[in-house]
Structure formats: structure tokens, C-alpha cells
Amino acid sequence: MNTLDFYDVNYDELLLDKKEIYLLMGYDDYAVDSRVTELVDQVLNEVTGLVTPRCGYVLRQGEVEGKECLRIGDVRFNPGRIITFAMKDASFYAFFTATIGNQYDEYCKILKKNDNILLVFIADIIGSILAEATVSWLMNKLAEITEAEGLKISNNYSPGYCDWALVEQKKLFELFPENITGVHLTDSCLMLPIKSVSGIVAIGPEVKKRAYSCNICKMITCVRNRKMRNI
């Protein structure tokens, strides 16, 4: 597989389940108000031409050191025991970024100026789900590529998950060629565009996918964690 690759993804290729939107809004077994479904449909219709999904990865060799450290060349990451355990037995590590683009940020800013709190809330949730859907697209692509070479991939993990400090985002971005997917990191480790995701995936013949441990992760802004907390 290539050591560096990036993709422009068609919006129609993103798998979006409306049930995820309502789940993150706090609806579980409760009936969704018709006004809410109308607003969700409104946002989805308005952003169709604004979402520009883009994702990419850079492949690096490395090794697990001890129970909490991952070394990539001269760079040492400390993602904690849970993620480090998931990274073991790998031959390579893919560091990735994924985004739905700047136009979505501008759309959300307009909603905020109009003081429509509910629309802002809905747009924020939809943006997060679309960003995760872009990551899922990339993971499926990586799985397809690695499977052809007799390799497997792990789940993907990001700084901020489990015990992986968000500040290590800076180390991660140092591994990327400049502007690989148009995602930039601020001094406070905020990614721009806002609806962007970065992380790591282990790749190798012995790598295993393990269930996400949302019950012990403290990242309340994570889409997966927010789902678990609403179940």
C-alpha cells in the first residue's frame, strides 16, 4: 500500500443514519417531534452542497514500548494502556485526518448569527456524524487495501480518546505533510475546519479489532461516547 494517500469523497458515499442524529439529540425510545424531523431534514438539505469530505493518511513504521508508549521513529506517543494495547502486533501505523470542509463551518456561523439555537444544535450533531462518516469511509478503504495484501486493521483512535492526552495532537500533525487534507491545528490543539477528525490505526497480519471501551472513556465530546451515554 502507498505510504501516503488522500481522497476526495463524494457526499453520497457517506453513510448517514438519521437514527444516530436523534439518538445524539437525546431521543431514544421517545417519539421524535415532527417539528424536529422537519428541522433535521432542512439542515440535511441545506448542507448537501456544502459538505466536501476529504481524508488521507500517512503510513509509518513503529513499535509499542511498554504498556503505554508507542514509538514512531524519534517520536514517542503516550496514548495510555487501552490504545497502546490495541496498537500491538502491528507492522505499520496509519496516521490520518478527515474533514467535511470549511463551508460547513461557515454554515454553522450563519445559524449562530440568526440565533436559532435548535438549528445550531442540530447542525453541530449532523456535522459530527458526517465527520465520523468520513472516517468510516477511510477505514473501509484502508481495510480494502490492507486485505488485498493479507493485512488487517485495528479500530481507529484519536487524541482525547481514553487516556490519550489531546496535546499529543501536535506530535501527530508533525507526521503529516503540510495541508494533506486542508486540516490545520491551532496552538490550543483545535482542528480547523471544526468538523475534522485525526487519529491512528494499527496495520498488520496479527492486528485485531477490539470493541471500543466507551464505558471507561472520559471524552464526552466523542460521537461514540455521546451515543453510549444516551443509551
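Helix H4 (residues 102-113) packs against helix H5 with the two axes 9 Å apart and at an angle of about 165 degrees. Here helices (H or I, at least four residues) and strands (E, at least two) are DSSP runs, numbered from the N terminus. Axes are lines fitted to C-alpha atoms, for helices over the stretch in contact, and angles run from 0 to 180 degrees between N-to-C directions. That angle makes H4 roughly antiparallel to H5, on a scale where angles under 35 degrees count as roughly parallel, over 145 as roughly antiparallel, 65 to 115 as roughly perpendicular and the rest as oblique.

This is a predicted model, in which local features need pLDDT of at least 70 and side-chain atom pairs count only at pLDDT 80 or more, while totals for chains, interfaces and linings use all residues. Residues are numbered from 1 along each chain as its sequence is written, and side-chain values use heavy atoms, with hydrogens and water left out.

The crossing of H4 and H5 is left-handed; a crossing has this hand if the near helix is turned anticlockwise from the far one by less than a right angle, and is right-handed if clockwise. On the H4 side, Tyr-104, Tyr-107, Cys-108, Leu-111 and Lys-112 meet Leu-119, Val-120, Ala-123, Ile-126, Gly-127 and Leu-130 of H5, where contact means heavy atoms within 4.5 Å. These residues divide into nine nonpolar, one polar and one charged (Ala, Val, Leu, Ile, Met, Phe, Trp, Tyr, Cys and Pro count as nonpolar, Asp, Glu, Lys and Arg as charged, and the others, Gly among them, as polar). In the loop between H4 and H5 sits Asp-115, which has a positive phi of about 55 degrees although it is not a glycine.

From H2, Val-36, Leu-39, Val-40, Gln-42, Val-43 and Leu-44 meet Leu-118, Leu-119, Ile-122, Ala-123 and Ile-126 in H5. The contact of H2 with H5 holds 10 nonpolar residues, one polar and no charged.

Turning to the annotations, UniProt (unreviewed entry) places a "transmembrane region" at residues 117-139. Over this stretch the chain is 100% helix and 0% strand, with the end C-alpha atoms 33 Å apart. The same record gives "domain: AdoMet activation" for residues 92-208, where the chain is 42% helix and 20% strand and the end C-alpha atoms are 13 Å apart. UniProt positions are given in the numbering used here, feature names are shortened, and annotations may be inferred rather than shown by experiment.

Pro-193 lies in the loop between strand S9 (191-192) and strand S10 (196-204).
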